Each structure stands twice: as structure tokens, then as C-alpha cells.
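The stops below are meant to be selected in order.

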Amino acid sequence: MFLGIDIGTTAIKFAVIENGLIKYQQTSPVTTYRESNGSCYQRFHELLAVLKVGIQSIPKDMRQQLEKMSFSVAMHSVCPWQVGADKIFIWSDTQAESCMEQFKQEAQARVFYERTGTPLHAMSPFAKILYFHQQKMYRPTTMFYGLKELVMHHFVGQFVLDYATASATGLFHLTERTWDEEILQYVGITTDQLALTVDTTEEFALLPEVAHELMIPTDFQVVIGASDGCLAAFASYCATGIPNSLTIGTSASVRRVTKIPHFDPTKQNFCYYLNSEYYVTGAPSNNGGCVLEWASQIYADTPAEFFERLPETLAASVIGANGLRFAPYINGERAPLWQKEVSGALTNIKITHTKADMVRSIVEGILMNIRTLTRMVGVDEALSLSGGFFKSEVLRQLTADILGTDCYLSDYNEPIMGLYYLIYGPSERPTQTIEKVHYDETVTDVYHQLFQ
């Protein structure tokens, strides 16, 4: 049996898989801390406690049959590592915003992007470390590790990082697969202050004391794994055969599995390593399901009521929400704007507009924004869907109609399945039900006009 663990910024997911079938799964929430200066972080000791409890909660008979474990982690984390260090700054940390705006004006900006495939944004470890050094916040000898390195150190005793997660740091040469010396010199560190990098399928022995604590076999192997975005895209590709995918969870991302790196210095798509055969290119948005969650707290007494009534609410308004328009940038925006300060807007409001119109304009605004990302990445054909947004049938249909493409939904489109396929190969794909959502050509034509 295989244990896959997906460490996200809102929850940690666990799944035990045998012969391509999920035998056990659970989800545990985690805490994120935000401060007024833009600092956004998680505490490693808290994440580690959730990891241990999660593994120990797996039924004993399954734990004793486990042979391998692997980790998916959220991208762009960094922990300035010194004695007592516990803060892991995550992608939504914005302390480096002004620092990056200045850097974008420099000649190196385009060069560094085209070497790393990481967009120029405060989310990246490149930006965070540059800011830390400019502010003299840490000692010059401080080590800089992300979540994956800290987890691997606990379980296998080594600070190591996979190529996929490294390629999202802004410090890693994508095609040479090494830390980029010129970039490190620019931010003021050396390779000695970063972890050793290895391929995504590299295996390590579990520390005996950890095996004893978790009550799992001592000959257990830990495969380092990759990043959540790359693995979600790969899982979708293996499950459906479709290289294009859309994930809408708290945030959103359009991704494409490709064998050739692709860069756009103007719009700055991301391009990350997956394995020796594949790269994952795409575009991320800050404004996915979190916008709908925000709306649920405004337009209903409870979020549960909002989502339960969403189909009838949307049906009570017409396509285009009677002229109401919603720009969904309530969290700033990454692609294609890369602006923290951009804000949302509800426009064309008249006395005749209803709550249903407002809700519909919000949903349409989210998906119109996603449409800009699909055009940016060059995705104009079938899409594989994943993420909590698509639990709703009406949202699945609206997605297909607004994007103008057939969409496919599978239970096996998540990062943990990406880990499984990465290690065991897509030939282990089980027989499964894949839901196809056909777009309505007539409705799509109307949305095409609205999109303009």
C-alpha cells in the first residue's frame, strides 16, 4: 500500500492507495497566521503535529502494509532556518511586494524569469529572501528551507528538495536543474544555504525512530514527490488523458502538461519541472473559490444556505446578470495582472437589480477571469476539472459554457493521485467514472460577446 500526503495551505490530506484505488482518506485543517505588515505564515511544529496524528489515525492493519509514502506540498514556501525557527512564510505572504515592484524595472528581471519559469511576484522565495536581506532581518549565515525540506528532514534526516518544488522558488535554473549561481548572488546567499536538490522520484529510508513512533514498517521508503500544482495537473492528465486542467479551490489555476518549457515574459505564465519527461505551464489566480466563500457570507444567513440555494439563485437571473458586471479581484491578482493593489468592482448597478443578479454576476466574474487565464496559457480545448468549486453541478456547467469547452471531472484528479502516478506510472490507473460536461454552444456564443 502507498500513503500519499498533500500538505496544502488550508488542510493536509491523507490517502492510502492500493492498485490505483483509494482505500482510505481523510482531511485535517491547518492554521495560517496573517499580520498587518503582509506577513503570512504557518508554524512548522503545528503542521508536524497534524502530520503525525493523521498518519497514526490510519487503521493499524493498513499502516502495517504500507511500503512507500510521498509528499505533495504547496509551492513558494520559505523558512529562515536558525535555532528555534518555526515560521514558514507561504505563497500569500506579501512582505516583498514593493521590493519586487522595484526589481521588475531592472534588466535582470526578464533574464531571471526566463531561466527559472517563476513569475516575478512577492509569492516566490526569490522575492522573500531578497526582501529579508534588504531589511537585514536575519543573520548572513541563515539557511533558507521550505516546507518540503523541513518535512523530509523530520522523516528521513536530510534537508532535501525535489526539482519540481525547487523550480517554483525563482532560484532554480529550470533546464540545468541546479541552483542558479547568479540569482543566488543577487539575493545575497550561496548554495550552502539551500537544500540539496534531487529528482521527484528519489527514494529515502524512513528514520527508524519515526517508524517506531508512527507504528509503520521499518523498511518503509519515502519518495520525495513534487509540488501540488504540478501533481494536480499530472493526475488530471493521467486520469483523463487531457493535458489541460483547471483547479478551483481557494485560489485557481489553469495548467497544461507539456514536454517543452514555455515562457511569456510579458504575461509571465509559470513553467515548472515535473519529471524528466514533463513540465507544467500555467497561470494562477488569487480569486477562485474564496470569492464565492466571501459572497456566501454576504448574500445568505449562512454559507451552507448560500451554496444549497445557489442553483435556484442563479436560475433567477439571466445570462449576463441583467447588465451587472463583477471584477473578482478582491484579493489583488496574480496572472495576468501581477498586481497586489488591484481591487474588485461591482458595476452598472441599478435599482432594478436583485440579489440573484448580484450573485450571478459574481459567479460569472470569477469564470470570466478564468477565461482570461485559459487564453493566456493557450488552452482552447477540453479541460479536466478539480477542486471544491466543482462539487456543484451548476458551477460545472457554467464553467463549460463560459470557457466554451467540454470539461471532464474525475475523483482521481487530485495531487495525491498525481504522486501515485508519478511513482507507479499511469498504467496503474483504475477503471473509473469520468463525468463529461458538454458546453452549450448557444450559451457560449452569448458569453463570448459578454467576454469582449
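This is a predicted model: local features need pLDDT of at least 70, side-chain atom pairs count only at pLDDT 80 or more; totals for chains, interfaces and linings use all residues.

Residues are numbered from 1 along each chain as its sequence is written, and side-chain values use heavy atoms, with hydrogens and water left out. Helices (H or I, at least four residues) and strands (E, at least two) are DSSP runs, numbered from the N terminus.

**Stop 1: helix α5**

Select residues 125–134, which form α5. Eight of the 10 residues of α5 are buried, so this helix is largely enclosed by the rest of the structure; buried means under 20% relative accessible area, exposed means over 50%, and partly exposed lies in between (1.4 Å probe, protein chains only). The buried residues are P125, F126, A127, K128, I129, L130, Y131 and F132. Following α5 you will find K136, whose phi is positive, near 55°.

**Stop 2: F112 in α4**

Within helix α4, select F112, which is buried with a relative accessible area of 4%. Apart from neighbours within four places in sequence, F112 is in contact (heavy atoms within 4.5 Å) with F103, F126, E182, I183 and Y186. The C-alpha atoms of F112 and L171 are separated by 8.4 Å, although the two residues lie 59 residues apart along the chain.

**Stop 3: the largest cavity**

On a 1 Å grid over the protein atoms alone, a cavity is a set of points where a 1.4 Å probe fits but cannot get out, a pocket is an open set with protein on both sides within 12 Å along at least five of seven lines, and lining residues have an atom within 4 Å of a point. Grid points are joined across faces, edges and corners, and a volume is the space filled by probe spheres set on the points. The count comes to three cavities of 30 Å³ or more, and the largest cavity holds about 130 Å³ of space. Of the 19 residues that line the largest cavity, select the closest to its centre, namely S77, P125, G146, E149 and T169. At least two lining residues each come from α5, β9 (143–145) and α6 (147–156), and the largest share, three residues, is supplied by α6. By class, this lining has 12 nonpolar, five polar and two charged residues, where Ala, Val, Leu, Ile, Met, Phe, Trp, Tyr, Cys and Pro count as nonpolar, Asp, Glu, Lys and Arg as charged, and the others, Gly among them, as polar.

**Stop 4: helix α13 and its partners**

Which helix packs against α13 at an angle of about 170°? Select α11 (residues 289–298), whose axis is 10 Å from that of α13; axes are lines fitted to C-alpha atoms, for helices over the stretch in contact, and angles run from 0 to 180 degrees between N-to-C directions. That makes α11 roughly antiparallel to α13, given that angles over 145 degrees count as roughly antiparallel, under 35 as roughly parallel, 65 to 115 as roughly perpendicular and the rest as oblique. V291, L292, W294 and A295 of α11 make the contact with I362, V363 and I366 of α13, and by class this contact has seven nonpolar, no polar and no charged residues.

Next, select α16 (residues 441–451), whose axis comes within 11 Å of that of α13 (residues 355–377) and crosses it at roughly 80°. The two helices α13 and α16 are therefore roughly perpendicular to each other. Here R360, E364, M368, R371 and T372 in α13 meet Y447, H448, L450 and F451 in α16, and the residues of this contact divide into four nonpolar, two polar and three charged.

**Stop 5: the second largest pocket**

The second largest pocket holds about 300 Å³ of space. Of its 16 lining residues, the closest to its centre are R325, F326, G365, M368 and L450. The largest share of this lining, six residues, comes from α13, and the lining has eight nonpolar, six polar and two charged residues by class.

**Stop 6: backbone details**

Finally, select P336 in the loop between β20 and β21, where the peptide bond from A335 to P336 is cis, with omega near -5°.
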